[in-house]
Amino acid sequence: MSTMTPPSALAAPPALATAPRCAPAWRAPLVLLVVGLAACALLPDQFGLLTRIFITVLFVLSLDLVVGIGGLATLGHAALFGTGAYAAGIFALQVQPDPLVGLLVGIAAGAALAALSGAFLLRYQGFTFLMLTIAVSQILLSLAQKARRWTGGDDGLSGFVMGPLLGRFEFDLEGRVAALYALAVLVLLFYLARRLVDSPFGLAVRGIHENRARMAALGTPVLARLWLLYTLAGAIAGAAGALSAQTNAVVGMDSLSFALSAEALVMLILGGAGRLTGALVGATVFTVLHHTAASINPYHWLFVVGALLMLVVLVSPAKAWAWLRRRAGAVQ
Amino acid sequence: MSALLELRSLDKRFGGLHVTRGVSFALHAGDRVALIGPNGAGKTTLVNQISGVLPCDSGEIRLRGEDVTRLSQARRVRAGLARTFQITTLAPHFAVQRQIELALFEREGLTGALWRSVDAYPALRAEAQGILTRFGLRGHAATATEDLAYGEQRLIEMALALALRPQVLLLDEPMAGVPKGDGARLLAALDALPSDLAVLIIEHDMDLVFRFANRIVVLAEGAVLADGAPDDIRRDPRVRAAYLGN
């Protein structure tokens, strides 16, 4: 017979599933805001790195909605990021340089691509879905290479200068405005993602992740729910891409690359999929490691990431916690 | 009285295998119909056809007078059809209460709602707790579904279907895999089904079939071999030969 003991943390991908009540949606975003602001205050010479972390976290957050919440393994998420980046860059270059309008354009572009490709991709599951997501991102990559006039091809899209944020705050050389801008967008979208996951829609999507046949038997229009999730994740990935374009003032081919999709998945697994907070931890650890290890040894830094990944995959978090608790108990 | 569920000449082939052949029968409000037949007779295929998991090759399914043959599974559920599975089909990591709430959100058409928290629907929460109480699972509200005993998971299958407030309920071997003696709560749940509900039950336990059903449809090699009152079925020599033995 079962007892009231809670199931192991490992066995429950959606953290909420075992809790009778959701934590308030604002709590984790508020912590993120405080930590982010503290990091900006304590590391004034690292605005560039912080901006990159905030943007990467946002991108991996979007990936977590698809992989961790929806249960759709993708290796083509960079397609959504890159589309948002190119859309924001082209918009700034050809139409107008306001960052917030450009951000909305990036969001719309990411969502539109997800909506279009999702309508086709989501009919497939598992390995087929995975391969098709790679195919979509490769098609976009070669399109971006061909459309040099718009994208700058292999040289990248550059030459655009962003206007002041809210008409007042110029993007400064140290990158303070860029970092705070990226943090603000991240916190806002993290809050929205939190609400989404805790809503009846989020519950249904997690239900689909757990058991498609069950959800269909409850009357859930499975494909329609997954399509909306994918589109919303596309919007967030597009926002991350737009932020990247605006704060770097350049968009490269790598923003659509397979490597970016794969790295994001590594970050998500590193932090733990399905909780949203895992995306924060994984992306931060990975980006900081990348920054520090790569400056020590630019050729072999991936060894560190590889070793860390093996550790996370092979050592279950539940066992690690138990070990830590035993150690703590022994010390006391 | 018009039929709640009406099957007209349902056919299904898997390649060269003719699994259901011209199956026709109807269910009315309050019916307790048992679908019996040897293994491989096409019982589960038929339930999958009715619920929309499998498309029909030919024939027609009418639910409350409406042709639902081409409708999706979700639309059929909304039209009043619910089912359980022979092999437990649940969200294993969900807390039991969340699982029930999910069915209620779906019934109320709320799973498209993106903003309010699942905890902001006190009426549905109370209803979910009421359902758990009725099934004797209230103490397990926060337990992960996979941590429940198998018999209790079978109860949740039934609770989920009933939470949808269906008019037609398809029960695919609700007692399958439940050890004898552990089945008392399931039997009580079967007895407590709403009296106006039309129920089609697949079951191999003949004691249960004859206790529960007021009509029995016998399926053999995909076709209806007999359809009638339990006593008539029990006496039918063809049924005895095909299935019941002595």
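Trainee: Leaving aside its neighbours within four places in sequence, which residues is A:Leu58 in contact with?
Mentor: This is a predicted model, to be clear from the start. In it, A:Leu58 touches A:Leu186, A:Leu189, A:Ile236, A:Ala239, A:Ala240 and A:Leu243, once neighbours within four places in sequence are left out.

Trainee: And which residues have the most contacts inside the largest nonpolar core?
Mentor: A:Leu58, A:Ile236 and A:Ala239 do, in a core of 164 residues. Helix α2 of chain A, residues 47–69, gives the most to this core, with 15 residues.

Trainee: Stepping back, what's the secondary structure of chain A?
Mentor: Chain A comes to 14 helices and two strands. Its radius of gyration is 20 Å, close to the 20 Å that the globule rule gives for 332 residues, so chain A is as compact as a globular protein of that length. The C-alpha atoms fill a box of roughly 65 × 50 × 40 Å along the principal axes.

Trainee: How much of chain A counts as buried?
Mentor: 49% of the 332 residues. As for contacts with a separation of 6 or more in chain A, 77% of them are between residues 24 or more positions apart.

Trainee: Is helix α8 of chain A mostly covered or uncovered?
Mentor: Mostly covered: 11 of its 11 residues, 200–210, are buried. Among them are A:Arg206, A:His209 and A:Glu210, along with A:Phe201 and A:Leu203.

Trainee: What covers the buried residues of α8(A)?
Mentor: The cover includes α2, α7 (176–198), α9 (212–217) and α10 (222–248) of chain A, together with α3 of chain B.

Trainee: Switching to chain B itself, how many helices and strands does it have?
Mentor: Nine helices and 10 strands. The radius of gyration of chain B is 18 Å, and this agrees with the value near 18 Å that a compact globule of 246 residues would have. The C-alpha trace of chain B spans about 55 × 40 × 40 Å along its principal axes, and 47% of the 246 residues count as buried.

Trainee: What order do the six strands of the open sheet take in chain B?
Mentor: β6-β7-β8-β3-β9-β10, with mixed pairing. β6 (81–83) and β10 (223–228) of chain B stand at the edges with a single partner strand each, so one side of each has no neighbour in the sheet. From one strand to the next, the twist averages 20°.

Trainee: How do β3 and β8 of chain B run?
Mentor: They run parallel, and four bridges join β3 (residues 32–36) to β8 (residues 198–202) in chain B. B:Val33 stands opposite B:Leu200 in β8(B).

Trainee: And which strands does helix α1 of chain B touch?
Mentor: α1(B), residues 43–51, packs on the sheet and touches β3, β6, β7 (168–172), β8 and β9 (215–220) of chain B. Its direction makes about 150° with that of β7(B).

Terms used. Residues are numbered from 1 along each chain as its sequence is written. Chains are lettered from A and ligands numbered from 1 in the order in which they are written. This is a predicted model: local features need pLDDT of at least 70, side-chain atom pairs count only at pLDDT 80 or more; totals for chains, interfaces and linings use all residues. The radius of gyration is taken over C-alpha atoms; the globule rule is 2.2 Å times the number of residues to the power 0.38. A residue is buried if 20 or more other C-beta atoms lie within 10 Å of its own, exposed if 12 or fewer, and partly exposed in between; C-beta atoms are placed from the backbone. Two residues are in contact if their C-beta atoms, placed from the backbone, lie within 7 Å. A nonpolar core is a set of buried Ala, Val, Leu, Ile, Met, Phe, Trp, Tyr and Cys residues joined through C-beta atoms within 7 Å. Two strands pair if DSSP finds at least two bridges between them. Axes are lines fitted to C-alpha atoms, for helices over the stretch in contact, and angles run from 0 to 180 degrees between N-to-C directions.
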